[in-house]
Amino acid sequence: MYSEDHWLTYEEVRAITGYSAGLLLEYNAVINAVPTRWKTSGAARAFQPPTLTFHGQIIGTWTTSLVRSKLVRNKYKQPCAVNFWGNKYVGFYLTADIWALAFKCTPETRLRVLHFKITHNIYPTNILLRKMGVAENSNCSFCNVRDYIEHFFYNCIAVREMWAYIENELSKHAGSKVSLGEVDVMFGITTGYNAHIRKYLNAYILVGKMCISKYKYGQYHDLKLLFQHEMSLRKQRFQQLENDQQIEND
Ligand SMILES: [Zn+2]
């Protein structure tokens with residue numbers, strides 16, 4: 001490492017040994033192991049070890065949170081669902097508000113997971129179950145049309161009555177007519193109304209979708225009754241949402 005009155009530079013060492021992936025680190029390890037006073041005499045003082053950088057950042061200044069943000073957060077990859085739904089509904093975009101919607105309006109894991117599956121288009125309707133070899137065909141078990149996820153939750157003849165009932169109930173709550181379109185049912189409501197009312201409507205819609213899921217795959221005879229029952233179990237929670245709204249208004 002010390003030759004002809006000077007410490008060899010990294011380039012000189014590399015010219016001798018040839019390039020290898022770990023060479024720069026090994027070189028620095030050796031140079032740093034040399035006591036400082038050895039380096040302070042003569043030409044050795046002129047020695048400047050190359051600065052080690054990683055992703056443009058000097059290695060000594062990396063912290064764990066920086067590693068996390070550079071390697072994890074900056075590697076954001078858009079979920080396929082963004083394009084999928086964008087192609088299906090003209091002008092529609094899966095915003096951050098939609099992704100976070102269930103986390104804001106309900107503490108229930110089951111409802112949050114359901115929202116996650118629907119937004120990612122991975123909820124198992126007969127189309128997916130058929131691919132898994134669980135269902136006999138890809139059509140809806142109730143009306144025999146292709147069981148797309150929006151059919152399953154919104155367009156199916158078996159669920160229309162429940163949504164009409166829910167629209168009616170929500171209109172009473174919001175104080176004006178609430179009409180739930182396909183996109184509203186699929187992803188919740190992110191515009192219009194004030195934040196408290198939205199929270200209430202979205203929690204309500206999520207319970208509706210959970211009931212559809214239970215009804216279609218379970219042993220229930222009446223979807224509307226099932227919904228009313230599920231809502232009665234959550235009475236306190238919805239009362240709380242209503243109180244929050246009242247406080248806001250006062
Ligand atoms: Zn159907």
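Where is the place of Lys177? I looked this up and found Lys177 in the loop between H10 and H11, where helices (H or I, at least four residues) and strands (E, at least two) are DSSP runs, numbered from the N terminus.

**Ground rules.** I noted that this is a predicted model, in which local features need pLDDT of at least 70 and side-chain atom pairs count only at pLDDT 80 or more, while totals for chains, interfaces and linings use all residues. Residues are numbered from 1 along each chain as its sequence is written.

**Lys177.** Is Lys177 buried or exposed? I recorded it as exposed, because it has 9 C-beta neighbours inside 10 Å; a residue is buried if 20 or more other C-beta atoms lie within 10 Å of its own, exposed if 12 or fewer, and partly exposed in between, with C-beta atoms placed from the backbone. I also checked Lys177 against Ile16, and the two are 161 residues apart in sequence and 81 Å apart in space, C-alpha to C-alpha.

**Overall form.** I looked up the domain assignment, which is automatic or comes from a database, and it gives domain 1 (2–74) and domain 2 (80–249). The centres of these domains, taken over C-alpha atoms, are separated by 58 Å. For the whole protein I noted a radius of gyration of 31 Å, whereas a compact globule of 250 residues would have one near 18 Å; the radius is taken over C-alpha atoms, and the globule rule is 2.2 Å times the number of residues to the power 0.38.

**The largest nonpolar core.** A nonpolar core is a set of buried Ala, Val, Leu, Ile, Met, Phe, Trp, Tyr and Cys residues joined through C-beta atoms within 7 Å. The largest one has 36 residues, of which Val159, Leu201, Tyr204 and Leu206 touch the most other members. Helix H12 (195–217) is one of the elements that give two or more residues to this core, and H12 gives the most, with 12 residues. I then followed Leu201, which, leaving aside its neighbours within four places in sequence, is in contact (C-beta atoms, placed from the backbone, within 7 Å) with Leu170, Ala174, Val178, Ile189 and Tyr193.

**Helix H7.** Which residues of H7 are buried? I listed Leu111, Leu114, His115, Ile118 and Thr119. They lie on the same side of H7, because they cover an arc of only 125° around the axis, the arc being that of the directions from the helix axis to the C-beta atoms. These buried residues pack against helix H5 (80–88), H6, H9, H11 and H12.

Key:
Contact = placed C-beta atoms within 7 Å.
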